[in-house]
Structure formats: C-alpha cells, structure tokens
Amino acid sequence: GRVVYKRACTACHGKRGTGRGALTHLIGISMMDLTTSENVKKMSDEELMNTIRDGKGVYMPSWKGSLNDDEIADVASYLRLLTR
C-alpha cells in the first residue's frame, strides 16, 4: 500500500498523509490530514475503498481505471496505518 500511496497520493496528501503535498501549495487548497482525521477513522473499509475508487468532491479524483482493486485495498490498508 505504501508504494501505491507514494505514487498516487503524495502529491496532494503528502508523504506522511498530513495533507501538505506539493500540489496543494500550487493550487492553494488544503487536503484532508489523513493522520488525524476522524472521518477516516469512522469510515468502513468499503467506504474508504469506494472513496479512493470513485473520488469525492471537487479535488479527490477517481482512481478507477488507474488503480486495480488490489491496489485500492492496499492503499486503504496503508491509510489505516497513517491514521493515529
């Protein structure tokens, strides 16, 4: 999961999931801090994988077609490790 996260998610969520990726500085927005987010903690694994697969809101893209189901599940598992 870490390898896929690093490739697909760090631009927005940062290397450690704090929401301070390089892209956020360029477009002037804040991303969810995945390390402390109660929203992530409350989400079921299925909800988390659906968000990764389908995207959410304006800035969270859909990774459907770019990541396969195993990669999405791996990223979701890795996010559980980032969340304190």
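View 1. On a 1 Å grid over the protein atoms alone, a pocket is an open set of points where a 1.4 Å probe fits, with protein on both sides within 12 Å along at least five of seven lines, and lining residues have an atom within 4 Å of a point. Grid points are joined across faces, edges and corners, and a volume is the space filled by probe spheres set on the points. The largest pocket holds about 480 Å³ of space. Its lining comprises 24 residues, and those nearest the centre are His13, Met32, Leu34, Thr51 and Met60. Two or more lining residues come from each of α1 (2–8), α2, α4 (38–42), α5 (45–54) and α6 (69–82); helices are DSSP runs (H or I, at least four residues) numbered from the N terminus. By residue class, the lining of the largest pocket has 19 nonpolar, 4 polar and 1 charged, where Ala, Val, Leu, Ile, Met, Phe, Trp, Tyr, Cys and Pro count as nonpolar, Asp, Glu, Lys and Arg as charged, and the others, Gly among them, as polar.

The model is predicted: local features need pLDDT of at least 70 and side-chain atom pairs pLDDT 80 or more, whereas totals for chains, interfaces and linings use all residues. Residues are numbered from 1 along each chain as its sequence is written, and side-chain values use heavy atoms, with hydrogens and water left out.

View 2. Thr18 lies between α2 (10–13) and α3 (22–27). With a relative accessible area of 28%, Thr18 is partly exposed (buried is under 20%, exposed over 50%, partly exposed in between; 1.4 Å probe, protein chains only). Not counting residues up to four places away in sequence, Thr18 touches His13, Met32, Asp33 and Thr35 (contact: heavy atoms within 4.5 Å). Ser30, 12 residues from Thr18 in sequence, is 9.9 Å away, C-alpha to C-alpha.

**View 3. Ile52 and its contacts.** Ile52 belongs to helix α5 and is buried, at 6% relative accessible area. Beyond its neighbours within four places in sequence, Ile52 contacts residues including Met60, Trp63, Ile72 and Leu79. Cys9 and Ile52 are 43 residues apart in sequence, yet 9.8 Å apart C-alpha to C-alpha.

**View 4. The aromatic pair of Tyr5 and Tyr78.** Rings of Phe, Tyr and Trp (its six-membered ring) pair if their centres lie within 6.5 Å; planes under 30 degrees apart count as stacked, over 60 as edge-to-face and the rest as tilted. The count by this rule is 1 aromatic pair. Tyr5 and Tyr78 form a tilted pair, 5.3 Å centre to centre with 50° between the planes. The pair links helix α1, which holds Tyr5, to helix α6, which holds Tyr78, 73 residues apart. Tyr5 is buried at 1% relative accessible area, and Tyr78 counts as buried at 15%.
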